[in-house]
Amino acid sequence: MKLAIKSALIAILLGGPATAGLALADVEDAKALSEAKISLIDAIQAAEAHTNGTAFDAQIEDDSFSPEFEVGVVVGHTVYEVRIDGETGDVISAREDRDD
């Protein structure tokens with residue numbers, strides 16, 4: 001917690017209030033990543049194997065009760081969002097990403 005407060009204070013001093021939220025988000029992402037039992041690379045490999053596609057984007061999600069990875073994968077001309085359980089490496093869901 002002290003690290004989060006220090007990071008936020010440094011961000012405010014250096015970049016103003018607009019960057020303080022980013023510093024806290026990075027701390028939350030780091031915390032979620034440290035709680036995961038698999039690596040980001042493992043999550044990417046699981047997503048690619050599940051879809052038989054190529055990953056182009058991956059991140060840890062810190063807005064769930066347990067660590068989850070979200071991996072963007074391209075299969076042909078279709079983009080999928082694949083969610084990977086950060087503890088087991090299992091695919092939670094895979095859906096066509098129509099947001100973009």
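Helices (H or I, at least four residues) and strands (E, at least two) are DSSP runs, numbered from the N terminus. The model is predicted: local features need pLDDT of at least 70, side-chain atom pairs count only at pLDDT 80 or more, and totals for chains, interfaces and linings use all residues. Residues are numbered from 1 along each chain as its sequence is written, and side-chain values use heavy atoms, with hydrogens and water left out.

View 1. Three helices and four strands make up its secondary structure. The chain has 100 residues, and 30% of them are buried. Buried means under 20% relative accessible area, exposed means over 50%, and partly exposed lies in between (1.4 Å probe, protein chains only). The chain exposes about 6600 Å². Carbon and sulfur atoms supply 56% of that area. Accessible areas come from the Shrake-Rupley method with a 1.4 Å probe; for residues, only the protein chains shown count as cover. Contact means heavy atoms within 4.5 Å. Of the contacts with a separation of 6 or more, 31% link residues 24 or more positions apart.

**View 2. Four strands form an open sheet in the order E1-E2-E3-E4.** The pairing is antiparallel. Strand E1 (54-61) and strand E4 (91-96) are the edges, and each pairs on one side only. On average, neighbouring strands are turned by 20 degrees against each other, direction ignored. Two strands pair if DSSP finds at least two bridges between them. Strands of a sheet pair through backbone hydrogen bonds, either parallel or antiparallel.

**View 3. Bridges join E2 to E3, and E3 to E4.** E2 and E3 pair in the antiparallel sense over eight bridges. Val75 stands opposite Thr78 in E3. Between E3 and E4, also antiparallel, there are five bridges. Ile84 has Val91 in E4 as its bridge partner. The hairpin of E3 and E4 has five residues between the strands. In this hairpin, Gly89 takes a positive phi near 85 degrees.

**View 4. The largest nonpolar core has twelve residues.** They are Ala32, Ala36, Ile38, Ala43, Ala46, Ala47, Ile60, Phe69, Val71, Val73, Val82 and Ile84. Helix H3 (40-51), strand E2 (68-75) and strand E3 (78-85) each give two or more residues to this core. A nonpolar core is a set of buried Ala, Val, Leu, Ile, Met, Phe, Trp, Tyr and Cys residues joined through side-chain atoms within 4.5 Å. In soluble globular proteins, nonpolar side chains tend to be buried together. Leaving aside neighbours within four places in sequence, Phe69 is in contact with residues including Leu33, Ala36, Ile38, Ala43, Ile60, Val82 and Ile84.

**View 5. Thr51 and Ala55: buried or partly exposed?** Thr51 is found in helix H3. Thr51 counts as buried because its relative accessibility is 15%. Beyond its neighbours within four places in sequence, Thr51 is in contact with Val73, Val75 and Val82. Ala55 has its place in strand E1. With a relative accessible area of 21%, Ala55 is partly exposed. Setting aside neighbours within four places in sequence, Ala55 is in contact with Ile44, Glu48, Val71, Gly72 and Val73. Ala55 and Val82 are 27 residues apart in sequence and 9.6 Å apart in space, C-alpha to C-alpha.

Definitions and conventions. Axes fitted to C-alpha atoms, helices over the stretch in contact; angles between N-to-C directions.
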